[in-house]
Amino acid sequence: MYYFAEQRNKMNSVGEGCTELKREYDQCFNRWFAEKFLKGDRSGDPCTEMFKKYQLCVQKAIKDKDIPIDGVEFMGPNKEKPES
Amino acid sequence: MKIWTSEHIFNHPWETVTKAAMQKYPNPMNPSVFGVDVLDRQVDAEGRLHSSRLLSAEWGLPSIVKSLIGTTRTCTYIQEHSVVDPKEKLFELKSSNLTFTNMVSVDERLVYRPHPQDPEKTVLTQEALITVKGVSLSSYLEGLMASTISTNAGKGREAMEWVIRRLNTEIGELAATARGTIRTPMAAAVAEE
């Protein structure tokens, strides 16, 4: 099993206010990736809710900073539009 | 336009390398990357994981290039698409710069796959396409950038080894913690007797 010591795994988000959400999501994802996905377990990742929260934050930061992202469907497979 | 390619063999199995590559940043060898964000992520019908990430970096351009292209703003954004196929054991990443595209474009592709003869090893193939636009001396600059990429690729490989060591240490620490928690009540029990 892999647990990632947060204090040694620090990376920022493009949105200063999103860093905590990002770290929470990363930790969840990394664990699922190592323990389930790479081992062929097809069960979905349990991090969807965290990802949504983090995404809303990042999208706003990207818009504010005017970063020219290309061709990314932000809300994943269901293509929900974040109506604000 | 200039094409740069390289191949490297890691003495670690594909799963280990892939895990480390997914969380390559931060590492002391690539301090210029200060932000990584996941923009989109999904598993397709074939069970492959697609990720789109945004990397924020301080662009490590030689200062002569900075002065030639006349920019002082060196914060750059890179978009990266990756696919992990756990069945085929293939991890592919493609990245390109989002900023300064009017001056230069760097398109990079990395592929990690198990060594065909030795499953305990992983082969990384890396290629970069560099195009400097609209400045004279562009072939000189492209050469310069290729050598920068070459240096950075070396750092990237060191970084991977560093991340793998870090992950291995954490497993060790976890085991030690687990032993510690078991030992504590036992020690307490002994002390009580």
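Predicted model: local features only at pLDDT ≥ 70, side-chain atom pairs only at ≥ 80, totals over all residues.
1. In α1 (14-22) of chain B, the buried residues are B:W14, B:V17, B:T18, B:K19, B:A20, B:A21 and B:M22. Here buried means under 20% relative accessible area, with exposed over 50% and partly exposed in between (1.4 Å probe, protein chains only).

2. Residues are numbered from 1 along each chain as its sequence is written, chains are lettered from A and ligands numbered from 1 in the order in which they are written, and side-chain values use heavy atoms, leaving out hydrogens and water.

3. Helix α1 of chain A covers residues 19-35. Its 17 residues should span 24 Å at 1.5 Å a residue, and the end C-alpha atoms are 24 Å apart, which agrees; the expected span is 1.5 Å times one less than the number of residues. Of these residues, 12 are buried, among them A:Y25, A:F29, A:W32 and A:F33. The buried residues pack against α2 (48-65) of chain A and against α1 (14-22), β2 (33-43), β3 and β4 of chain B, where contact means heavy atoms within 4.5 Å.

4. A:V58 lies in helix α2 of chain A and is buried, with a relative accessible area of 0%. Not counting residues up to four places away in sequence, A:V58 touches A:S13, A:V14, A:C18, B:D37 and B:L39. A:V58 and A:Y25 are 33 residues apart in sequence and 12 Å apart in space, C-alpha to C-alpha.

5. In chain B, strand β1 (residues 2-10) pairs with β7 in the antiparallel sense over nine bridges; two strands pair if DSSP finds at least two bridges between them. B:F10 has B:T122 of β7(B) as its bridge partner. β6(B) and β7(B) also run antiparallel, joined by 11 bridges, and B:L110 stands opposite B:Q126 in β7(B).

6. The largest pocket holds about 890 Å³ of space. Of its 39 lining residues, B:Y25, B:V33, B:I78, B:E108 and B:N152 are the closest to its centre. α3(B) gives the most to the lining, with 10 residues. A pocket is an open set of points on a 1 Å grid over the protein atoms alone, where a 1.4 Å probe fits, with protein on both sides within 12 Å along at least five of seven lines; lining residues have an atom within 4 Å of a point.

Notes
Points joined across faces, edges and corners; volume = space filled by probe spheres on them. Helix = DSSP H or I, 4+ residues; strand = E, 2+ residues; numbered from the N terminus.
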